[in-house]
Amino acid sequence: LPACRDSCLFIKDLHFDGIPVRIYLPKEPSASKRRGVIFFHGGCGIFGSIRSYERICRYIARKSDSVVLSVGYHLAPEHKYPAQTLECLTATVHFLKTAETYGVDPARIIVCGDSVGGTYTASVCQELGHRTDIPKIRAQVLIYPFLQALNFNLPSHQKNAAIAFLSREHTVHFILKYLNKDCSLKEPILAGSHVPESINLKYRKWINPDLIPDVFKLGYKPPLPSLFLPQVHEEVQELFEPWFSPLLAEDAVICPLPDTCIVTCEHDVLRDEGLLYKKRLEDNNVHVTWHHVEKGFH
């Protein structure tokens, strides 16, 4: 939907440091400053827009009586990674610094996103965790986020490999499109041939089927070891960066993260990434609220 009149909201299109944003301000006067919600839309970094998330952002603004900022980061592959993460970060910092201009309490701003928007949410919060020159983010909301590109053979990948909307194969296909890489790399990445043993050993403590609760592992079969292919590894170095795979961030980055809400869906290849991040946060004493949608799809 385009921005248009709404009986409950003022809706404005703006630019924050050159980044398109749309802001939703409740019309009803408020006795105190309102909460703020920064929203990053999903779409694998290559689809989606402010317009396609218009209804959702209006709904959040009306139901929570909050000022919502929807960020229209520029899409890949025309705008090369990590432009999307950087633009989300820039828009967030701008809003944190200018919140009171929009009647928002700077101490009550959350960051929220679905799918790759959840990735950007996690990355922004990790990046700003130690900043002392701007207000602290109050909380982050990760809606079935994409959080790692090392292991595509977790229980949820097996269970939902051919599920509607986002199959296991489509996930890697979109990753390669997002990074503007050759799609012939898809099969070796699905097999895990892009990860050297040293990296597997390093991150086994965080990305491991053994860390998934048994209730989510019914019918799971551990995959056979894959042959490491150095040439594939060299082609996809971005997959090992915490900005791309926030699950790989060190504990020192995880510790200062704000209160977190994680939403996972049963029929979703990315389900287990949310479960693994939940455990990582809890292990580092970050308060987590978890909602699991048993009949939910990505």
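**View 1. K205 and R280 sit over the ring of W206.** The charged end of K205 lies over the W206 ring, 4.6 Å from its centre. R280 also lies over the face of W206, at 3.5 Å from the ring centre. These positions come from a predicted model.

View 2. D283 is exposed, because its relative accessible area is 52% and the cut-off for exposed is over 50%. K279 has 30% relative accessibility, so it counts as partly exposed.

**View 3. E238 and K181 join two loops.** Their side chains meet in a salt bridge, at 3.2 Å from N to O. E238 lies in the loop between helix 8 (230-235) and helix 9 (251-254). K181 lies in the loop between helix 5 (168-178) and helix 6 (186-191). The pair therefore ties together parts that are 57 residues apart in sequence. E238 is buried, with a relative accessible area of 17%.

View 4. R131 is partly exposed, at 29% relative accessibility.

**View 5. F39 and Y53 form a tilted aromatic pair.** The structure holds 12 aromatic pairs. In the pair of F39 and Y53, the distance is 5.6 Å centre to centre, with 40° between the planes. F39 lies in strand 3 (residues 34-40), and Y53 lies in the loop between strand 3 and helix 1 (54-64). The pair therefore ties together parts that are 14 residues apart in sequence. Both F39 and Y53 are buried.

**View 6. Y81 and F244 meet edge-to-face.** Their ring centres are 5.6 Å apart. Their planes stand at 80°, so the pair is edge-to-face. This pair links distant parts of the chain, 163 residues apart. Y81 is in the loop between strand 4 (67-71) and helix 2 (83-98). F244 is in the loop between helix 8 and helix 9. Y81 counts as buried at 9% relative accessibility. F244 is buried too, with a relative accessible area of 3%. Ring pairs link Y81, F146, Y178 and F244 into a cluster.

Technical notes. Residues are numbered from 1 along each chain as its sequence is written. This is a predicted model: local features need pLDDT of at least 70, side-chain atom pairs count only at pLDDT 80 or more; totals for chains, interfaces and linings use all residues. Side-chain values use heavy atoms; hydrogens and water are left out. Buried means under 20% relative accessible area, exposed over 50%, partly exposed in between (1.4 Å probe, protein chains only). A salt bridge is a side-chain nitrogen of Lys or Arg within 4 Å of a carboxyl oxygen of Asp or Glu. Helices (H or I, at least four residues) and strands (E, at least two) are DSSP runs, numbered from the N terminus. Rings of Phe, Tyr and Trp (its six-membered ring) pair if their centres lie within 6.5 Å; planes under 30 degrees apart count as stacked, over 60 as edge-to-face and the rest as tilted. A charge sits over a ring if NZ of Lys or CZ of Arg is within 6 Å of the ring centre and within 35 degrees of the ring normal.
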